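I wanted to look up a few helices, then some single residues and their neighbours.

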Amino acid sequence: MSLIKNTSYYTLGSILPKIGAFIFLPIYLKYLSLTDYGIVTSLQVLNAVFIVLFTLSMPRALYRIYYDYTSKNEQRQLIGTVLISVLVLALVSVAIIFLMHKQVQKIYVSIPFYPYYSYAIAAVFFQSLHIIPSIFLQIKERAATFIKLSVSLFFVKSLIILLLIVKYGRGARGYLEAELIAAIIFLPIYYYIIHKEIILIWKKQMFLNVLKFSLPIIPSILSAWILNLSDRIFIERYFSAADVGIYSLGYQIAGLVLIFSIAFKKAYDPYFYKIANTEEKKKAKEKLYKTNFVFILILLLVSFVLSLFAREGIMLFFSSDYYNSIQIIPVISLAYLISQNSALLNVMMYQRKKTKIVMYITLGSAVLNILLNYILIPRIGIMGAAYATLISFFAVFVSSYFMAKKTFFIPYNWKGIIPAFAVLVGIYLAFKFNEIENIFLSIVLKVLTVLLLAGFFYLKNKKTVLSFVKSQK
């Protein structure tokens, strides 16, 4: 199955939940106070750390290690080994967290461990077991099955959330309960689908091979968490959970940049390793060069569109309590644009198994991010968190770019990227400093601008785009 087809599946699967999320979000926020929403988003941020603790990133190693084993029997044993390892580790981690709950609660001083932390941690336990079948489906390029599961999970979870917070008025507690219930419901479904691909056996050597690959990734993931999410902890400490809610809304909307990029990456990672490891080096790099350029162009347009329509989106769908979120969206959209380019560079380094390089880069940037959050947030509030994120992501990209040159490097088409970026920034600034008061007229003019730009970019890069499409057949 081609990269285009898989990316289309993943994009559809990402878009549907995101559309659903934004249909449901105004409803959620009608029944959740600013503080409730701040509690939910704060704990969702913390869940990213717990998921690493519960798995040691072993499932992620499957992307690279799976094809090191050539026989079907060994591949099934590998899945079984990872599953048993994650299950044992997650159980031990949950026990330790509950025993140390007083210390854990100090992360967010205004959020009680019971019931909020406890529900979030229990949900993460089951979600950590979802990861293995999800990654397996991506490795085997079973994109349609993956998407059906993820979309179904999203809508079931959303309906339970609506039931608990709208009908029963359970606020943040109900939201977290719903996440736990949905995770439990879907666990047996995930494993029923792939049960024939698992031999429940624990192989020490396989475990060590997986751990050797995954352990150096952990500091990178934790550092990425600091870069993406730790700012909520600073905001909650210096201000309040309500301010976390305002910041998180802007951050969540900017995260729509990830709709296409995450969908693309789900298809791209296995595709990259397959091309890099099975085709002649020069031919492989030429194919990946075209793929990367098309991806970056689309990402530029998505980031631009989100920034351009930030004001209209917030004013139309959310109360005035959230208007301060508008200023967050362009900064974080740009930060995400940069971070997704760094993700392309990381794959180049992972191909040469240079996971330690990625680790050192992200560790350094995480330290920078903490320092910037500490300096900027007390002085300029939530915008300080946004600027700290942008600067830190840029530092990651610059460092990764120069280090990737020493590995399986795929050059950037800077002659095409820089002019496109300059045009988009110029148009964004023109609209920003000449705002149209009539919101509907503003939307019409911006939509026309986006359509013209998309057509212009396509015609300008038609040869490269068509060449890319042809290479996927």
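I began with helix 6, which is mostly covered: 21 of its 27 residues are buried. Buried means under 20% relative accessible area, exposed over 50%, and partly exposed in between (1.4 Å probe, protein chains only). Helices here are DSSP runs of H or I with at least four residues, numbered from the N terminus.

I noted the ground rules next. This is a predicted model, so local features need pLDDT of at least 70 and side-chain atom pairs count only at pLDDT 80 or more, while totals for chains, interfaces and linings use all residues. Residues are numbered from 1 along each chain as its sequence is written, and side-chain values use heavy atoms, with hydrogens and water left out.

Then I checked the span of helix 6 (residues 113-139). Its end C-alpha atoms are 37 Å apart, which agrees with the 39 Å that 27 residues should span at 1.5 Å a residue. The expected span is 1.5 Å times one less than the number of residues. Just after helix 6, I found Glu141 with a positive phi of about 60°.

I moved on to helix 12 (residues 241-254). Its 14 residues reach 20 Å from first C-alpha to last, close to the 20 Å expected. How many of its residues are buried? I counted 12 of the 14. Among them are Val244, Tyr247, Ser248 and Tyr251.

Those four names came back when I looked up Arg232. Arg232 is in helix 11 (residues 231-238). Arg232 counts as buried because its relative accessibility is 5%. Leaving aside neighbours within four places in sequence, Arg232 is in contact (heavy atoms within 4.5 Å) with Val45, Tyr108, Val244, Tyr247, Ser248 and Tyr251. Its side chain also makes a polar contact with the side chain of Asp231, at 3.2 Å. A polar contact is a pair of N or O atoms within 3.5 Å; within protein, one must be able to donate a hydrogen and the other to accept it, and residues adjacent in sequence count only if both atoms are side-chain atoms.

I looked at Ser42 in helix 2 (residues 34-55). Ser42 is buried, with a relative accessible area of 0%. Which residues does Ser42 touch, not counting those up to four places away in sequence? I listed Tyr108, Ile111 and Val244. Ser42 and Val244 are 202 residues apart in sequence, yet 7.2 Å apart in space, C-alpha to C-alpha.

Last, I looked up Leu448 in helix 20 (residues 439-460). Leu448 counts as partly exposed because its relative accessibility is 47%.

Technical notes
Helix = DSSP H or I, 4+ residues; strand = E, 2+ residues; numbered from the N terminus.
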